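Morning, everyone. I have one structure to walk through today. Have a look at it first.

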Amino acid sequence: MIPPLLLDVKPGQRILDTCAAPGSKTAQLIELMLQGVSGKDRLLNKGFVLGNDADSHRATILSKQSSRFNTGAIAIVNHNAANFPNLNYLPGTDSYKDQISSDGTCDPRLLFDRILCDVPCS
């Protein structure tokens, strides 16, 4: 349970938890991200945790556990973290518009503020 504490998670950050199942550290990341945020600000928080696990059975367990987190700031995916794909914002969305720089260029890739990779022993 120490790795999430070392990430210095703040509200509004985008966090990738690469080996997330069964979910205790994922829950801790969500709590840290929403710490001190309440009411309307909690609903408008742009931060989220993307929980990933390469094993489909473990990802299913993580998905079931995520229902107890009581937030919409989490998504669960099942992918090999060693080959994690680029994720892009959809053109025309507010998040996409936020990526447009002052010179008019846009990097549509979703970039994470924090990445937790607590790989299990084999």
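Predicted model: local features only at pLDDT ≥ 70, side-chain atom pairs only at ≥ 80, totals over all residues.

Start with strand 2, residues 48–52. Is it buried or exposed? Mostly covered: four of its five residues are buried.

Now its partners. On one hand there is strand 1, residues 14–17, which pairs with strand 2 in the parallel sense over four bridges. To find your place, take isoleucine 15: its bridge partner in strand 2 is valine 49. Then there is strand 3, residues 74–77. Strands 2 and 3 also run parallel, joined by four bridges. Here glycine 51 stands opposite isoleucine 76. How does the chain get from strand 2 to strand 3? It goes through helix 4, residues 56–66, and this β-α-β crossover is right-handed.

Next, helix 2, residues 24–33. Why call it largely enclosed by the rest of the structure? Because eight of its 10 residues are buried. Among them are Ala27, Leu29, Ile30, Leu32 and Met33, but Lys25 and Gln28 are on the list too. What do the buried residues pack against? Helix 1, helix 4, and strands 1, 2, 3 and 4.

Last stop: threonine 18, in the loop between strand 1 and helix 2. Its relative accessibility is 8%. The cut-off for buried is under 20%, so threonine 18 counts as buried. Which residues does it touch, leaving aside neighbours within four places in sequence? Asn52, Asp53, Ala81, Ile115, Leu116 and Cys117 are in contact with threonine 18.

That's the tour.

Methods. Residues numbered from 1 in each chain as written. Heavy atoms only, no water. Buried < 20%, exposed > 50% of the residue type's maximum accessible area, 1.4 Å probe, protein only. Helix = DSSP H or I, 4+ residues; strand = E, 2+ residues; numbered from the N terminus. Pairing = 2+ DSSP bridges. Right-handed = clockwise from strand over helix to strand, strands pointing away. Contact = heavy atoms within 4.5 Å.
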